[in-house]
Each structure stands twice: as structure tokens, then as C-alpha cells.
Amino acid sequence: MTITIPGLFLADLIGAVQAAGGGGEAVRTFFGLSPRATIWVVAQLHLLFAAFVLGVPIFAVIVEFIGWRTDDQRYDRLAREFIKLLTVAFATTAALGGLLAFTLFGLYPAFSTYFVSIFSPSMYVYAVFFFVETGILYSYYYSWDRLKRHKGVHITLGVLLNLAGTILVFISNAWASYMMSPVGVDETGTFVGTTMEAVMNPLWMPLNIHRLLGNVAFGGFVVGAYAAVKFLAARTEERRAHYDWMGYVGNFIGLAALIPLPFAGYYLGREIYSASPVMGNNMMGGEFSWTFILQAALVGLLFIVGNYYLWSGMNRIPGAERYQRFVKYFNVILIVCVAIWLTPRNLPMSAEEQLALGGQVHPVLGYFGLMAAKNAVINFIILTTFASFLLYRRANKTDLVPVSEQGGGATTLMLLAGALCLLILGWYAGVMFTLPPDSLGLGPEKAIYVRIPALLLVVTMVAVVVCVVLCLRDKGRLAQVVYMAMVALMSVGVLGVYGFVVMVQANPLLRQVAATQWLILMSALILVTAIDVLLFRGARSLGPIRWGEVTARSQYALIALCVTIVLTMGLMGFVRSGLRENWHIYGVVRDTSEWGFTPTTAVMTQMVGGITLLFLTVVSFLFWLSGLDEKEHVPEPAGSD
Amino acid sequence: MAALKVSFFTVFLIGLFIWLGAGITRVSGEGASVRLGVGLSVENGEQIFWGPGKCSTCHSIGPRGSTVRGPNLGESRQGPELAIRAAERAAQRALALGHDVTGTEYLIESIAEPSAYVVDGFKDEMPRVYDPPISLGPDQIASVIMYLQTIGGAPDPSAIVLPPVIREATSGRGGADAWAPYLAGDSILGRALFFDLDGPAPCSKCHSVNNEGGDVGPDLTAVAGVRTAQFIVEAILEPSAEIAGGYESVLIQTTDGRILDGVIRRETQDSVWLADGEGIESALATTAIARRRVQETSLMPEDFARLLTVAELHDLLAYLETLR
């Protein structure tokens, strides 16, 4: 029976029912401990394991596919090793999921009852797909040898495993996102929509994209750390070579997924703001603004350490010394950019301190605290990381085969890459050319501010055409330099400075400026990668990569990456959940208990630090268990790629 | 050995993260949250503006704050201080609406109906702060408006009449605990009671409505616009629970040993004008004051629960509820 009392919010309704003894307790403690902290620990642990379980199969299947198509058994073995780690983590993930459900029902019965009344159909679907995923996972792992002559079938199983996993994560994302942006609720707080409407709430898809990428980055860095520990403990050159290579692949996957993550995060943040300006403002300009300084420090660390690992790895590549001179410049760029990224706009100050500073905001550093500066530097960080990858890829390559001699396939690839870039840039230029200023709350005299990014996109499109022509005329290196410089100029320089102008003259436009910056950067990733593939196809090698000949320090970098990404996941988990403040379901069901408050950053870091330590301890134990039956067989030396 | 080193390294990194968090809490002062006061006051308004009202997540005030999503409400590139700006905007709104609009009414409209007028260069995205999730109550909104009035002006609670949209949106708050009158009450009888100086509740001796009545206590011309029924009843039955700003009772001991009790009407460097419970004003030279202390009790009698019947209380409430 639905009870509707006009003017009464659901939170109050629940309270009223409970007060009348009809709904039991609203909140129970966990053996005297805070129910909120209990849910926090269990949910975050579950999410960390789930991220690993869902992220690893994505790249494991890709690695297996590469092994199949290149007929390189090393990749096949690596993919199998990834899945082996997965199987030991899978049961723990499921157990933690069950524990999360039990604690939610036990500690928050009133909220859980309401929540189930909305989502129960999706919960059955979730259970079905959980069984499906379990079945496919074990079939996939245990049929590895049996299906080795039917690799296509085996890889199809892997794809199905990912499909089931993706459905699972999408369903649970619907629950989490609904709590932030509920739909189908009338003015009294009563749910009047359908389950499907609740699933497809405004934050569902942004969260799906963000979590998928995050899971891949997470899985890559955890695998990298696993390989690093194995490398440090290895007693033979062969094992060191194997785990060095595995660590490299893990880091490559982690960094590759990390590159688009800030944009996925920006998209999610933008949608959070659109769904609730109050929540959005609280995120970046309110109680949670400091957590984003912490996040900048952690993500900055991921980029700096990830790049350090790449540069360190160049020591094992013959010919890499030609490019070592660039490293110091990259390093300076990264450190300066990260420093700007984590600069807060202002700090609480005493009157004397303000007087000494000349105001609440530092006359120079204050500008670094603005979003325009942060948008510019994150683009520069990503561009620099991409440049590091390019140097690593070409480290031992020489005697290039001209593109004009590579046949029609090369030309087609180049034209396709160029067309894709033109399509992306042209589409957004069209959007910006036709965007009415009043849709952003701007007067007609501000139209010029909207058109400028469109014009810059057109200029970038001209650069795309020029670079495609240059590449097809065997000037690929020049094309890469020209386009990278163009993107740095447009995305970081011009639009970076323009962001400050926009913040003053047409503030609502800043989001469109950020999107323009990102799309220009994306075009560089697409076009320059395509040129790079053609440029070094068939090039002579100066010698094989000497896997295993890497410093112990670089392996600690891999471990630092793993710890940092776990901390980042924990931190952002807190932010996503904490943004609801004292609401179970934002604006609809209030947490009226004494635990419904936002903890300080100090308490938060203690909690997240503790959860990280717990997760790494459990996962280390599980990996150790999985290695108990490992024979001391010697993997064949890694090759030269 | 390798595992041990890795463990130490991991613990070190996590420790660094925790240390950073502790440092942030120390420098940001986030742990020092203040408990909000109750009732209508500029101080409460300021706390709400910079705290649970979340106004400061969009608006700065002059050099205070750093957000730029909404207009800066202090003296800034966007114009003079808010009170002055509000008066200018009120003139524009008067032209658009076809009737007089005061600066305070413009401020109230900005909060009650943020989309009614959007400052050029800013998006129409301000939330209705009386709706969830912010869910400010009428007193809190009125306090914020009083605080906004002080930005370039003086607080004027009597000018604050909250529109029905706010009262309706917040009327059901509190759910099962929400107070509701027991009886309907007769506002005509209530009015008669209010102005009957020989009756059990000669309210007009101290309070005025539309310039009729005394001025020892706050003007009640628009009391129902800013106060809930529950608040009004509590103010009648327990007048000392919360004393309106500017109407605190002061105990003065003169140098010649006299003890005086009353409300300070105005004060200069040389003199203090004190009104007693009957509204009679007397001037005192500041040099004649030996000691003075703000009282925790109101001048208003505490015994209305005994003097009024339940029906009379509801009649009085019904009348006060008409004052919007």
C-alpha cells in the first residue's frame, strides 16, 4: 500500500511510521559501532574487489586476442595468469557483496525496504547475471587448454564474461547513481516511476563510463604491483624477465585507461552539477573541495610515477639514449602542471595573514586555483604522458619505411584517422557555432565568446588535414611534431588563457571550453597514434628489449601506482557517496540518525587509508594462496617487442 | 625480505596520505563547525549563508569567499554592495511588474523565485533553498535576508515578508512532530483581544500592528510572513526562550543606587533612552550608569498560559496568522 501525505517528505514519513512502531528501527549499530562507518568499510572493500574482478577480464581478453592473432604464446600465458588472479578474487568479491547486502538490511532496514521497493526487479536480474558470470568465468579459465585449438571460441567466452560483468556493474551503478540523482519521485517524496526510469537516472551512464575506465586502470595497476612483487622476489633472470614484462603491460594498461579518466570524471562531475547544482557546487566549491585537492595530488602522483616507470624502462631498450634528453623537460612539465592542479584557490587565514598577502587570494597563485588553470594543466599532463609513450615506442626503432611505400592500407588508415578527427572536431565546432548564447544564460552580445572556441576547432581541423597530407608525403615525424605543438598551443595555451577570460565575461561557457580542450586533445591521441603506427611499421630494430634489466626502484614505482590508485578509488568512493551528505537518497530520504554527518578530511583519510591497507593485505594473501601450486617452471625469455 | 620491504613501503605511502588529510583538516578549519542559533538574527543569517544554506558555494561577498558561479554580493566588479544594488534592481523589477518593489522584496524574490530575474552573465540555475536538499526553514531564510540587508545597508526584519510559496513548501516539514493548532480560532476575536488593554492579553501595549500599538516589543505587522504558528505560540507562552534581537531587557544600576529595567531604545555617547514595561521612555546620562547587564528574561509577562484560555490563545493565534 502506498501512503501519500501531501507536504510530507518521505524521510519524515519513514520517521513517522517508525515512531508509531510500524517500521522497526530506522538505524541499528553494528555491535555498538557506527553503522555508517561499517557500511563504508564493507562497501568500499566490495567495490575495490569488484573493480579488479571487472577490470581484469577486459584487458585479459585483449591480451589473449593479441597472442592469438600474433601467434605469440607469451601473451596467451599472460592472459591466463591474469585470469588466475581473477578466480581467487572472485569469491571474495561475491562474499563481500553478500556482506554489504546483509549489513544494509541489518543496519538500515527502513531505507533498505524503500530501496528494494524501487529496485527489486533489477536485483533479480543482477542475481541471474551473477550466476551467468560465475559460470562463464570458470568455463573460461578451466577450458584454456581444452579450447587451445579453438581460440576463437575461447575468446568468445572471454567476451561473454565481460558482457556479463558489464551488465552487473551497470545494474549496481544504477543503484548507486539513483541515490545521487533520484527520478520518478513526486513532490511528497513518493516513488511514482518505474524501475527502468529509476535505472536510467541522469548519473547512470556517466558513472558507468567512469567506472569502466576506472576498473581497467585499477586492474592494470594492481596487476603491475603483483608483477613487481614477483619480480623483486624472483631468483632467476628468466622469472625477472617475465615479471618485468608483465609489470610493463600492467602499467601500460593502467596508464592507457588513466589518460581518458579525467575526462570521464569531468563528464560525471558536469552531470552531477546538471542533476543538482547544489550537489555540484558542494563538490567543487563547498565541503568537498579539499578532497579534490587530495585527488589532484593522487592522480598527479599516478601520472608522474607512471611516466617515471616508462622513462626508467627505457634503460633496457637499445637506442633509447637518443630520447633520454627529453625526459627532464617532461619531468619539469609534469611537476609544474601537477603543482598547479593541486593549488587551492584560497585558504582560511587570519586577518594578519590576509593583510600580509594583500587579500584572501594570492595575487598570482590564486589564478592557479581556478578551474580554467586546472583544465589547461590536465590537458598538458596527458599530452606529456602521451609523448612519453611515443618515445618509449620508438626507442629502439630506426630506418623507417616510408609511408608511401606501405601500400594502400597505410593510406586508408591515415585517411580514416584524419576523417575521425575531422568528424569529432567538426561536430563540436557545429555545436558551438549554433549554440544560442541565451541557452547558457548569456546575452546576445556574448555570442562572440561562444563562437571563438568554434573558430579554434576549425583551425585545428585545418591542422589535421595538413598533418594527414604531411604523413602521406613521408613527413610523418614532422606531422607528429606539428600536430602535438598545435594541440599544446590550442588546448593548453590559447584555450587555457581563454578560460580565464570566459570565467570573467561568460562564466557558464567554461564547461564548453573544457569540452573543446578535451576534444582537441583526443584528436591528437587518435591522429598522432595513427601516424606513429605507420611511421614505425617495418622499421629496423636496434636490438631487443632486455626484459629483466630494470632497477628495483622502478618496481617500487609500480607498487606506488597500485597503492595510489587504491587510495584514489577509496577517496573518490567517499566523495561520490559523501556528496549526498545526510541523505540516503538525495533530496528524498534523509538520514536523520546521529551518524548522518560528513566527517573531516582527517577522519576520511584515516578510514580510506585503513580500507586500502585491509584491501592490499587481503589481496596479497589471496595472490599468495593462488601461487601455492605454482611450479618453479622457468618461463621462456620475453621477446624483443 | 622483498615482501617486508614492500609492506613497509606500502604502509609509508598510506601513512603519507593520512598525514596529508590531517594537515588539510588543520589548515582548513573544517573541524570547527559552529552550532546554528535559533530564531531570526543577522548572526544566524551569516552562519547559514556560509554554512548549511550553501549560498557561499556560488556567491562571494566582496573579498570574502572565492566562488564565482553566482554574482558577488559585496562591492566588486559586478557593482556596489548588495543593498544598494538591490534597490537599483527593485526599480527595474517595479517597471517589469507594474507595482512598487523594495530592495528587500527584490532579495526575497531572488530567493523565493530565483528564475524571476537572472542577473546578466549568469545561468538560471539557482536552487530554491527551501526545497530539499538544502531545506531551509522560514526563520533561516528570513535570517539570511537580514544578513543580506546588512551588506551595504541596515537590517530591517519588519520589511521581510516571506511569500506563500516558501511557507507552503516548508509547512509540512517536521512530519509527525510538526505542530498544528488544536482549534481553528477566530481572528476577529483575536484582534479584539490583542488591542484590549483591559483584557487578559493586552499585547498592543508593547507590540504594534500597522503603526497601532506600543513599541517596547517587536512590530508584528508581518509576523506570520516570517514566523511559523508554532514559533508564535512558543513566543507567547515562553517569551524568554528566544528574545528578538534589539528587544533584550537590560538591567541598569545607576550611580545613585537606583535599579532600572527596560529595553534600550537608542543610545549615544552621552545618553541612553530606556523604555520600561509600560512603554514609558526615560533618558539617562551614561555617566549616571554604574553597571548594566543584558537580562536573560524578556520584559514580556511569562504567565499567558495561565491568563488565557485555550480558545483565547487560538483566537489570538488566528489573528496573528493573518498578519502577513
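This is a predicted model: local features need pLDDT of at least 70, side-chain atom pairs count only at pLDDT 80 or more; totals for chains, interfaces and linings use all residues.
**Stop 1: the contact between the chains**

How many salt bridges does the rule find across the interface of chain B and chain A? There are 2. Residue pairs in polar contact between the two chains, both at pLDDT 80 or more, number 4.

**Stop 2: a salt bridge between chains**

Now show the side chains of A:E581 and B:K54. They meet in a salt bridge, with N to O at 2.8 Å. This pair crosses between chains: A:E581 sits in the loop between α20 (552-578) and β3 (583-585) of chain A, while B:K54 belongs to the loop between α2 (42-50) and α3 (82-97) of chain B. Are these two residues buried or exposed? Both A:E581 and B:K54 are buried.

**Stop 3: two helices of chain B**

Stay with chain B and select B:R93 and B:E109. Their closest N and O atoms are 2.9 Å apart, and the two form a salt bridge. B:R93 lies in helix α3 and B:E109 in helix α4 (residues 103-112), so this pair ties together parts of chain B that are 16 residues apart in sequence. Burial is defined here as under 20% relative accessible area. B:R93, at 9%, is therefore buried, and B:E109 is buried too, with a value of 18%.

**Stop 4**

Next, move along chain B to B:D256 and B:R258. Here the side chains meet in a salt bridge at 3.5 Å, N to O. B:D256 counts as exposed because its relative accessibility is 54%, above the 50% cut-off. B:R258 has a relative accessible area of 43%, so it is partly exposed.

**Stop 4: a network in chain A**

Finally, return to chain A and select A:E64, A:D76 and A:K151, which are linked in a network of salt bridges. To go on exploring by yourself, keep in mind that the count over all chains comes to 18 salt bridges.

How values were computed. Residues are numbered from 1 along each chain as its sequence is written. Chains are lettered from A and ligands numbered from 1 in the order in which they are written. Side-chain values use heavy atoms; hydrogens and water are left out. A salt bridge is a side-chain nitrogen of Lys or Arg within 4 Å of a carboxyl oxygen of Asp or Glu. Helices (H or I, at least four residues) and strands (E, at least two) are DSSP runs, numbered from the N terminus. Buried means under 20% relative accessible area, exposed over 50%, partly exposed in between (1.4 Å probe, protein chains only). A polar contact is a pair of N or O atoms within 3.5 Å; within protein, one must be able to donate a hydrogen and the other to accept it, and residues adjacent in sequence count only if both atoms are side-chain atoms.
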